[in-house]
Amino acid sequence: MGAELVEEAARRLAGVVERTPLQRNTRLSAGGAEVWFKREDLQVVRSYKVRGAYNVLAQLSEAQRARGVVCASAGNHGQGLAYACAALGIRGRVFLPRNTPRQKRERITAIGGDHVEVVVTGGTYDEAAVAAAADAIRTGATVVPAFDDLRTIAGQGTVALELVEQLVEQTGSPPDVLVVPVGGGGLLAGCTAWLRERHPQVRVVGVEPLGAACVAAALAAGHPVDLVDLDTFVDGASVRRAGALTTPLIAASGAELVQVPEGGVCVELLSMYASDGVVAEPAGALASAALTSVVRVEPGQRVVCVLSGGNNDVSRYAEIAERAAVFEGRKHYFLVEFAQQPGALRHFLDEVLGPDDDITLFEYVKRSNRETGPALVGIELARREDLAPLLARMAASPPQIELIGSDSPMFRFLLSG
């Protein structure tokens with residue numbers, strides 16, 4: 001795949017999609033490098049996915065358009081397809097896994113209107129993809145892949161073309177480093193395909209969620225493989241199997257590949273919201289989360305992070321804050337065996353908890369026929385360093401106290417709840 005396919009896609013998309021802003025980020029630039037956000041969360045469907053979807057539909061024959069289109073999506077690709085269907089007058093069906101946030105489901109319906117039908121099926125993107133493929137065989141509709149199609153890849157690659165043009169306009173030179181989120185690999189493959197020919201000096205880094213690193217697994221194996229375990233929290237990038245087309249393109253590109261823990265993504269989501277006024281979805285925070293942890297850049301370098309999407313359900317922020325606190329070592333859960341006598345809780349509050357420790361969960365049922373009763377207690381610390389003193393005070397206190405480890409099923413239940 002060459003740069004000319006990306007440039008042809010850019011011409012098709014002109015006047016159809018937004019030329020999204022490229023904005024310097026003060027918070028991340030304080031570290032010494034000059035960091036910019038490519039704001040694809042401000043795209044017409046709040047993500048870059050419309051670029052690939054429209055580029056596919058715009059090249060269909062009249063016969064293909066008449067038979068309609070179908071796709072599987074974690075949410076954003078479905079919105080892109082819905083927009084393209086409405087714009088081009090093509091009927092489409094979007095298959096979504098059950099973990100797709102309600103906000104994304106509703107947006108697909110709102111964007112596509114009568115042109116699009118939403119089908120919710122399967123527990124993961126890959127299961128939805130199987131259902132979409134079966135539907136295409138049954139109906140004759142054209143499958144519009146979320147990432148594993150050269151037309152999709154070329155459309156996604158227009159992000160790189162556009163941001164380079166913008167940075168040259170604003171600073172006079174292209175970026176030194178480009179950091180992009182990675183799910184199935186379409187955006188990374190498209191960006192590197194164009195940059196290799198037009199600006200080969202740009203260092204490109206792809207960022208996967210640690211719990212859904214399917215491209216890293218494919219590169220290690222030499223071909224796409226299924227991940228045994230898949231963390232679906234970063235729903236826009238939770239793909240079990242990398243693309244058959246994207247994998248060799250990425251392998252040949254020389255791009256670096258790193259992974260960020262889901263908790264680290266949550267920390268960055270909260271920072272983006274509090275400091276930058278940006279409401280990103282988890283996948284949208286992958287690039288900048290990597291920049292604050294695993295990607296090293298030099299002072300003075302110009303770095304562009306692709307903020308890939310902003311389709312986040314605000315109801316998820318409670319879970320995001322919880323995951324961030326756990327990741328930072330500030331949130332912990334304990335089982336406390338309280339003596340069933342007056343003053344036991346008061347002693348715990350006065351002698352065990354520190355002045356800045358906050359009880360965020362307390363579940364206790366008194367049993368009159370027992371001397372002690374267990375309580376489930378969640379404690380949030382002001383600082384990670386406060387844990388050791390807290391544990392020392394717990395060891396010296398009368399109640400028997402057990403720290404619930406992060407590998408415990410109970411801990412996972414509490415976090416998901």
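Two strands are taken to pair if DSSP finds at least two bridges between them, and the elements themselves are DSSP runs numbered from the N terminus, with helices (H or I) of at least four residues and strands (E) of at least two. In these terms, valine 336 has isoleucine 401 of β14 as its bridge partner. The structure is a predicted model, in which local features need pLDDT of at least 70 and side-chain atom pairs count only at pLDDT 80 or more, whereas totals for chains, interfaces and linings use all residues. Residues are numbered from 1 along each chain as its sequence is written, and side-chain values use heavy atoms, with hydrogens and water left out.

The protein chain has 17 helices and 14 strands. Its radius of gyration, taken over C-alpha atoms, is 24 Å, close to the 22 Å that the globule rule gives for 417 residues, so the chain is as compact as a globular protein of that length; the rule is 2.2 Å times the number of residues to the power 0.38. Along the principal axes, the C-alpha atoms of the protein chain fill a box of roughly 80 × 55 × 40 Å. Of the 417 residues, 53% count as buried, where buried means under 20% relative accessible area, exposed means over 50%, and partly exposed lies in between (1.4 Å probe, protein chains only). With contact meaning heavy atoms within 4.5 Å, residues 24 or more positions apart account for 75% of the contacts in the protein chain that have a separation of 6 or more.

An open sheet of six strands is arranged in the order β1-β2-β10-β7-β8-β9, with mixed pairing. Strands β1 (22–24) and β9 (256–260) stand at its edges with a single partner strand each, so one side of each is left without a neighbour in the sheet. Neighbouring strands of this sheet are turned by 25° against each other on average, direction ignored, the axes being lines fitted to C-alpha atoms, for helices over the stretch in contact, and angles running from 0 to 180 degrees between N-to-C directions. Within the sheet, β7 (residues 177–181) and β10 (residues 302–307) run parallel and are joined by three bridges, and leucine 178 has valine 304 in β10 as its bridge partner. Helix α8 (residues 150–171) packs on this sheet, where it touches β1, β2 (34–39), β7 and β10, and its direction makes about 130° with that of β2.

The largest nonpolar core has 45 residues, of which Leu178, Trp194 and Leu195 touch the most other members; such a core is a set of buried Ala, Val, Leu, Ile, Met, Phe, Trp, Tyr and Cys residues joined through side-chain atoms within 4.5 Å. Helix α8 gives the most to this core, with seven residues. Leaving aside its neighbours within four places in sequence, tryptophan 194 is in contact with Ala3, Val6, Glu7, Ala160, Leu161, Val164 and His199. A second, separate core of 33 residues includes Val35, Ala237, Val265 and Ala280.

A further open sheet, of four strands, has the order β12-β13-β11-β14 with antiparallel pairing. Its edge strands are β12 (358–364) and β14, each of which pairs on one side only, and the twist averages 25° from one strand to the next. Strand β11 (residues 331–339) pairs with β13 (residues 372–380) in the antiparallel sense over nine bridges; lysine 331 has glutamate 380 in β13 as its bridge partner, while alanine 339 stands opposite threonine 372 in β13. Strand β11 also pairs with β14 (residues 400–403), again in the antiparallel sense, over four bridges. Helix α16 (residues 387–396) packs on the four-stranded sheet, touching β11, β13 and β14, and its direction makes about 10° with that of β11.

Two loop residues may be described individually. Aspartate 149 lies in the loop between β6 (142–143) and α8, and counts as buried because its relative accessibility is 12%. Not counting residues up to four places away in sequence, aspartate 149 touches Val56 and Leu245. Arginine 46, in the loop between β2 and α3 (49–57), counts as partly exposed at 31% relative accessibility. Phi of arginine 46 is near 65°, a positive value in a residue other than glycine. Most residues other than glycine have a negative phi.
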